[in-house]
There are 2 protein chains.
Amino acid sequence: MKHVLILGGDGYLGWPTAMYFSNLGYQVTVVDNYFRRNACTELDTGMLYSVPTLIERAKIWHEQTGREIKVVIADLAQPEAMRRLFDGGVKYQWAVNEEFTGIPETVVHYAEQPSAPYSLMDYQHADITLVNNLRVTNNLLWAIRDYARDTHLIKLGTMGEYGTPNIDIEEGWLEVEHKGRKDTFLYPRQAGSLYHTTKVMDTDLMWFGVRMWDLKVTDLMQGPVYGIETEESAIDDRLKTIFNYDEIFGTIVNRFVTQAVVGYPLTVYGGGGQTRGYLNIRDTLQCVHVSEQNPAQKGELRIFNQIMETFSVNELAELTQKVGNRRGHQVEIKSIPNPRKEAEEHYYNPTYQGLQDIGVKPHYLTEEVMDRLFEVVEQYRENIRKDVIFKGIKW
Amino acid sequence: MKHVLILGGDGYLGWPTAMYFSNLGYQVTVVDNYFRRNACTELDTGMLYSVPTLIERAKIWHEQTGREIKVVIADLAQPEAMRRLFDGGVKYQWAVNEEFTGIPETVVHYAEQPSAPYSLMDYQHADITLVNNLRVTNNLLWAIRDYARDTHLIKLGTMGEYGTPNIDIEEGWLEVEHKGRKDTFLYPRQAGSLYHTTKVMDTDLMWFGVRMWDLKVTDLMQGPVYGIETEESAIDDRLKTIFNYDEIFGTIVNRFVTQAVVGYPLTVYGGGGQTRGYLNIRDTLQCVHVSEQNPAQKGELRIFNQIMETFSVNELAELTQKVGNRRGHQVEIKSIPNPRKEAEEHYYNPTYQGLQDIGVKPHYLTEEVMDRLFEVVEQYRENIRKDVIFKGIKW
């Protein structure tokens, strides 16, 4: 039974990923320090509904399916905590079988502060983001170097690493011809937030590890994810993932649908021409799974652009308005002064064929898909706090 | 009187830079946490001679010249320590006039763990390098953002950020044409050590700060520096800079001359075809000074390649042998298995015209210059410990 270790297993993507692999029969271990929950409390961001602790969720999952997801609560920015996951010294906070599972064949690394606005609130939140994200990645690379050189690392990067260049965005790499000579480099990266810049630096670190120590790494340049439900969360309502709808941790589609449900005008930043690639949370799980099934080779940093389609902010707002109005909401769209420093009109032509080439079947953001998202959010309408939707964190 | 703040003012380059600006009449403040000295003690690296504390040096400088270099002993990885340098809350550990000097017009940032082998000793030294280097740079950028947007930041980067690409190395930037469209990017970076990778990440961070907050930044891509003496150190022997000759903190020319003096065969790693750009410590001071006199503009990340000439390792070994033998040493050259993972034969064609265009007059590594370096090192021959020269830290 193959072992998947999921770092950041309590997060928006981490917990659904854990259930997904567990359901397929993998041995799964999740690790988290509750950073996201604690930050939501500190910043009073609100949540669509409260979620059980990671240990409670693992117990519910076990009761409902008979399957075990082992739980470790630890701060992986501490090198020793990371190493204990590989050297057998780990203590599980919850497990059916408390014996060490052994070296994982695959590590899925989500254990990062994931919000651009959070990273730019002030110097302290910038420092937390930088230190957490870089240390966790570096500690992980050293643990794999020292204990697990055959382990495949699947790391969540972001399409935001590329920024919005004036040339086509390739999948991770670019061949450059210069003064009659050629070389291939990591595609040039210039991110639009400090959070996104830490992901650029993660890629720098992993590329170093791959070149020096022949590690196997897949770096997934993911776009903003939307959605709540996955096949596994349907088993029990308490297994649904954390869902934020505020400016800091809420992703745009999730925010817009929530705003529409409570009659809060959709917050379009500036002109709304900002174009990005998006994907359904179900496709995140699929992408990680096909990456796991087709691992990178030793000494390979394999990069995929993990998006299924592109939209401008205005297109997303219009889609939300259309579906929302049909469901009886009065959806307004309101352009507000852009709190971010970013181009509101720009060239954007990313390639994203690699994951589909190895088997991913995209879900698209159709009116039906958005309709179902509305249906779920409406169930929790009473919980939505208008006061936390937008605070105006400036870049 | 213009104020220059020097971070890492106790180091190999920091202290000579402080005296250089002080001698020219600038108000100078130096900050250090004695990282380098403490690491030399911990790792038992040896030093050619012991140097007084930063406070003692500042006092000697004051006695000899009447000039004041204010001293702060602080760990700039702590955000609050950095901010106190800008908000008036700083306490000087030594100063003639204890009043706050005010916001500096220029910050020279050397406050980094500077050794590639140190960064790869083990996971703990990797973690220390990553955390120190990235936090100091990020804390500095935020302090400038919040208190000093007109301050010019001069940052020591490294030519090692570029690695050894198969195309010509430009000064920081590269215009790329791809599928009929064009854009200009940071020159692609892929470094050969974790230390060098932290410098790549510093550049990522500074480029973010420049784009978001219109900061003024000069990033100096420096090659390995050699030499001991500067004009200012000639005033008093106790003002000479820290000089290491071991594998961890010693730079190659300094190491080779020291090895030659004690009859230790010159340690050529592998084939010795590794080619890099080099400069005299006097030219580091000159480069920083001309950069200060010709600052970057608001919203400009200006990058210079700070080298004066290129040599292969074999060429440096042969030059050392020639000069050493003439001085009566029996200099042997010995190729040892390369502890590093690096190309031993490679294309290398860097541009380095920018600093000379704004006024730098290069010193070259002539036989006369090396002869004088031998002369100084020979004075301390009794202090040289053969046992610490090479320990074989592997990449």
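Which residue with a positive phi follows H8(A)? The residue is Gly263(A), with phi near 70 degrees. Helices (H or I, at least four residues) and strands (E, at least two) are DSSP runs numbered from the N terminus.

The model is predicted: local features need pLDDT of at least 70, side-chain atom pairs count only at pLDDT 80 or more, and totals for chains, interfaces and linings use all residues. Residues are numbered from 1 along each chain as its sequence is written, while chains are lettered from A and ligands numbered from 1 in the order in which they are written.

Helix H8 of chain A spans residues 252-261 and is mostly covered, with 10 of its 10 residues buried. A residue is buried if 20 or more other C-beta atoms, placed from the backbone, lie within 10 Å of its own. Among the buried residues of H8(A) are Arg255(A), Phe256(A) and Val257(A). Their cover includes strands S9 (225-226), S10 (266-269) and S11 (275-280), together with helices H10 (313-326) and H12 (367-379) of chain A.

Val257(A) also belongs to the largest nonpolar core, of 236 residues, where Ile6(A), Leu7(A), Val257(A), Ile6(B), Leu7(B) and Val257(B) touch the most other members. Such a core is a set of buried Ala, Val, Leu, Ile, Met, Phe, Trp, Tyr and Cys residues joined through C-beta atoms within 7 Å.

Chain B superposes on chain A by a rotation of 180 degrees with 0.0 Å of shift along its axis (RMSD 0.0 Å), by least squares on the C-alpha atoms of residues with pLDDT of at least 70 in both. This is the relation of a two-fold axis. In chain B, the C-alpha nearest the axis belongs to Met201(B), 2.8 Å from it.

Key
Buried ≥ 20, exposed ≤ 12 C-beta atoms within 10 Å, placed from the backbone. Contact = placed C-beta atoms within 7 Å.
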